[in-house]
Amino acid sequence: MYVCICHAVTDRDVKAAAAQGISCMSGLCQSLKVGSQCGRCAKFAQETLDKALEKAPVAPGKKA
Ligand code: FES
């Protein structure tokens, strides 16, 4: 499912980013550009990231 239409980012992309240690919207924005254009995806992207972080193990050396 698409999370960010402007940048064609899916929930899988967000989950993969979480698994690699990204734990905040600014990190998602830097790595996937989520929310950097129209911004309409920000709330759903945050929810998707939060859910992914509940399930994803924290990468070694990264803060949760
Ligand atoms: S839908 Fe994500 S920036 Fe527009």
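Two exercises on a predicted model follow, each with a worked solution. Residues are numbered from 1 along each chain as its sequence is written. Because the model is predicted, local features need pLDDT of at least 70 and side-chain atom pairs count only at pLDDT 80 or more, while totals for chains, interfaces and linings use all residues.

**Exercise 1.** Determine which residues of helix H3 are buried and what they pack against.

Step 1. Helix H3 covers residues 42-55; helices (H or I, at least four residues) and strands (E, at least two) are DSSP runs, numbered from the N terminus.

Step 2. A residue is buried if 20 or more other C-beta atoms lie within 10 Å of its own, exposed if 12 or fewer, and partly exposed in between, with C-beta atoms placed from the backbone. The buried residues of H3 are Ala45, Thr48 and Leu49. They lie on the same side of H3, because they cover an arc of only 100° around the axis (the arc of the directions from the helix axis to the C-beta atoms).

Step 3. Lys43, Asp50 and Glu54, on the other side of H3, are exposed.

Step 4. The buried residues pack against strand S1 (2-4), helix H1 (11-19) and helix H2 (25-32). Contact here requires C-beta atoms, placed from the backbone, within 7 Å.

**Exercise 2.** Compare the places of serine 26 and leucine 28.

Step 1. Serine 26 is in helix H2. This serine is exposed, with 10 other C-beta atoms within 10 Å.

Step 2. Leucine 28 touches Val14, Ala17, Ile22, Val34, Ala45 and Leu49, leaving aside residues up to four places away in sequence.

Definitions and conventions. Expected span 1.5 Å × (residues − 1). Contact = placed C-beta atoms within 7 Å.
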